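Visitor: I'm new to this one. Could you walk me through it, a feature at a time?

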Amino acid sequence: MKRAPEDAVTDTHTLIENRPPSVATLFLERVAATPDTEAYRYPVPSPSTGPDDWKSLTWAQAAERVHATAAGLIALGVRPEERVALASNTRVEWILADLGVLCSGAATTTVYPSTNAEETAYILADSGSRVLIAEDAGQLAKARERRAELPELAHVVVIDEGDAQPAEDDPEGWVLSLAELEKRGTAYLEEHPECVTERVGALRADQLATLIYTSGTTGRPKGVRLPHDCWSYMARAIQATGLVTAEDVQYLWLPLAHVFGKVLTAGQIATGQVIAVDGRVDKIIENLPVVRPTYMAAVPRIFEKVYNGVAAKAREGGAAKYKIFQWAAGVAREYAKLSQENFRRTGNASVPFALAAKHKVADALVYAKLRDAFGGRLRAAVSGSAALAPEIGYFFAGAGIHILEGYGLTESSAASFVNPGEAYRTGTVGKPLPGTEVRIAEDGEILLRGPGIMQGYHGLPEKTAEVLEEDGWFHTGDIGELSPDGYLRITDRKKDLIKTSGGKYIAPAEVEGQFKAVCPFVSNVLVHGANRNFCTALIGLDEPTILGWAKEHGLAGRTYAEVVATDQVRELIDGYVERVNEGLQRWQQIRKFRLLPRDLDIEHGEVTPSLKVKRPAVERAFKDLLDEMYAGSREA
């Protein structure tokens with residue numbers, strides 16, 4: 001992996017300190033600087049079964065639509081800092097609409113498209129959103145169903161033009177299409193040509209830019225107030241790392257209602273590279289060879305699925321092919337661990353000749369094909385939102401796919417730490433971004449301070465005071481360790497630490513990560529043991545992978561639930577549990593486990609839209625299985 005050009009990281013302090021008051025300002029500067037270069041690439045689905053047609057927008061073309069949206073909102077009477085909600089999957093219109101909101105001086109309220117009508121209404125009401133930009137008829141229906149609870153919601157703007165159909169009892173003008181809003185904005189600009197630039201020019205760094213509602217594990221979600229300065233700082237800090245340059249092509253599929261996806265759009269404006277936008281997760285594998293990204297961000301679940309998929313494909317090829325894959329995976333991990341250690345000690349990532357020779361053979365047999373599946377040009381991938389199992393990280397690193405783990409929260413505008421390019425260390429989340437301070441509290445909690453930290457929780461001063469000190473230090477709720485040279489390792493969520501009835505503390509994420517690294521069939525795993533005298537696990541398997549195995553072992557034609565209920569599958573997974581237990585302390589070991597009759601999912605409220613497991617929700621949903629495992633034990 002090459003270092004970024006030296007001129008990309010010069011005078012970092014000046015770059016950060018002299019940031020403009022808003023990303024809207026940065027956007028206008030970017031358009032003025034590179035109007036004719038490509039900004040966004042997006043798919044237009046084929047009317048047949050053929051591949052999608054990809055189209056592009058230059059910065060100037062994007063600006064034309066952004067200005068029209070901003071002016072359209074101004075024409076609707078939206079005032080500075082008033083909220084405009086966005087409920088849509090990741091697509092280019094999301095980015096353009098968000099920029100339109102910011103350039104109008106208003107603030108964006110993000111809503112996951114998977115959010116149900118009740119919670120959508122709560123977010124719209126709590127934020128006081130005046131306008132909802134809804135993707136389609138489904139999102140429009142949620143607002144319409146709860147309209148009586150939303151007296152402040154004056155308009156719903158529908159992105160898919162054909163779905164912008166008013167109902168008989170809708171107030172006049174309540175529903176309009178995004179195309180119609182842009183048309184109104186264009187007309188308004190003819191009469192008031194400076195209205196958008198005046199709104200942008202009047203923006204202050206401390207004005208509200210975004211309200212992002214955290215998908216909490218209990219209770220109502222909290223609205224995190226992020227001012228314009230948070231995004232402006234993040235944009236400049238990402239630029240200052242030198243990890244992304246103007247020559248990169250970034251593939252963006254992450255949900256833009258999530259802070260991780262949102263921060264990537266801010267960074268792109270500062271650096272000026274192309275973003276290929278398509279939020280259809282089922283299209284990722286198909287899109288990668290088409291987009292051929294040089295840079296992308298993802299959550300660990302994606303890398304786990306790729307790893308499991310590669311392992312499953314090798315297994316399907318027969319015993320010899322699977323043995324080659326297992327050998328190559330071992331070589332990759334050994335190569336990555338040794339080269340990273342050598343680089344840390346000497347600045348040289350070289351490895352002994354014998355290992356280098358094995359690596360060359362494994363590259364020809366396995367790694368090159370894996371890189372081709374990612375498009376063949378991937379310089380680096382950033383992983384965030386949850387911990388990546390180190391053994392999976394080492395596998396990809398050894399295969400030449402460099403996964404730079406990062407760390408941040410909604411309350412810190414997503415990107416507080418990231419691994420530094422060539423000097424990255426698997427198993428850590430890297431070093432703080434320029435301008436961000438960190439310290440570890442006496443109990444191990446990570447505290448952060450800097451321009452990326454939120455103003456507070458919307459309308460919840462008591463909740464804000466619980467996590468945000470008067471001098472600006474934010475309590476993350478995560479436990480971690482700092483190396484002498486500033487690399488951070490996350491060990492667990494403070495509230496997720498397990499204390500057994502024997503008084504031993506266990507970090508469940510560490511055990512779960514080790515299990516994911518050895519078991520190619522796992523999708524989700526939850527280790528349980530708080531106030532119990534031993535640990536258990538609830539395990540959800542990856543359906544396509546386990547059904548493929550089932551077909552090879554005389555279980556073809558059975559459903560997922562039927563397959564995981566068989567003795568053969570239980571014995572298969574038991575073997576992997578035993579392997580993990582061999583490397584654990586006695587009190588960490590998984591003494592019993594149950595295979596879930598279905599995998600965890602967003603629809604049942606067991607994982608967040610960024611695919612993080614909601615522990616309390618899972619433990620409630622499968623309480624009978626947990627109780628069954630502890631029946632007859634001393635605490636039962």
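Guide: Happy to. Keep in mind that this is a predicted model. Let's begin with a helix: α9 (residues 228–241) is followed by G242, whose phi is positive, near 75°.

Visitor: What span should the 14 residues of α9 have, and what do the end C-alpha atoms show?

Guide: Count 1.5 Å a residue, and helix α9 should span 20 Å; the C-alpha atoms at its ends are 20 Å apart, so the two agree.

Visitor: How many of the residues of α9 are buried?

Guide: 13 of the 14, so to speak a mostly covered helix.

Visitor: How do I read two helices that pack together?

Guide: Two packed helices are described by the distance between their axes and the angle between them. On the α12 side, the contact is made by Y307, V310, A311, A314 and R315, and α13 brings K321, Y322, F325 and R333. Sorted by class, that contact has six nonpolar residues, three charged ones and no polar ones.

Visitor: Now the sheets. What should I look for?

Guide: Strands of a sheet pair through backbone hydrogen bonds, and they do this either parallel or antiparallel. Here, nine strands form an open sheet with mixed pairing, in the order β2-β1-β11-β10-β12-β13-β14-β15-β16. At the edges stand β2 (53–58) and β16 (431–432); each has a single partner strand, so one side of each has no neighbour in the sheet.

Visitor: Which strands of that sheet pair with β11 in the parallel sense?

Guide: Strand β1 (residues 38–44) does, over two bridges, and strand β10 (residues 249–252) does, over four bridges. Look at A276 in β11: it is the bridge partner of R41 and also of Y251. To get from β10 to β11, the chain passes through helix α10 (residues 259–271), and this β-α-β crossover is right-handed.

Visitor: And the side chains of a strand, how do they point?

Guide: In a regular strand they alternate between the two faces of the sheet. For β11 (residues 274–277), V274 and A276 lie on one side and I275 and V277 on the other, and all of them are buried, leaving both faces covered.

Visitor: Where can I find an antiparallel pair?

Guide: Go to β14 (residues 403–407) and β15 (residues 417–418), which run antiparallel and are joined by two bridges. G406 has V418 of β15 as its bridge partner.

Visitor: What is the strand order in the open sheet of three strands?

Guide: The order is β24-β25-β26, with mixed pairing. β24 (522–528) and β26 (590–595) stand at the edges, each with a single partner strand, so one side of each is left without a neighbour in the sheet. On average, neighbouring strands here are turned by 25° against each other, direction ignored.

How values were computed:
Residues are numbered from 1 along each chain as its sequence is written. This is a predicted model: local features need pLDDT of at least 70, side-chain atom pairs count only at pLDDT 80 or more; totals for chains, interfaces and linings use all residues. Side-chain values use heavy atoms; hydrogens and water are left out. Contact means heavy atoms within 4.5 Å. Ala, Val, Leu, Ile, Met, Phe, Trp, Tyr, Cys and Pro count as nonpolar, Asp, Glu, Lys and Arg as charged, and the others, Gly among them, as polar. The expected span of a helix is 1.5 Å times one less than its number of residues. Buried means under 20% relative accessible area, exposed over 50%, partly exposed in between (1.4 Å probe, protein chains only). Two strands pair if DSSP finds at least two bridges between them. A crossover is right-handed if, with the strands pointing away from the viewer, the path from the first strand over the helix to the second runs clockwise. Axes are lines fitted to C-alpha atoms, for helices over the stretch in contact, and angles run from 0 to 180 degrees between N-to-C directions.
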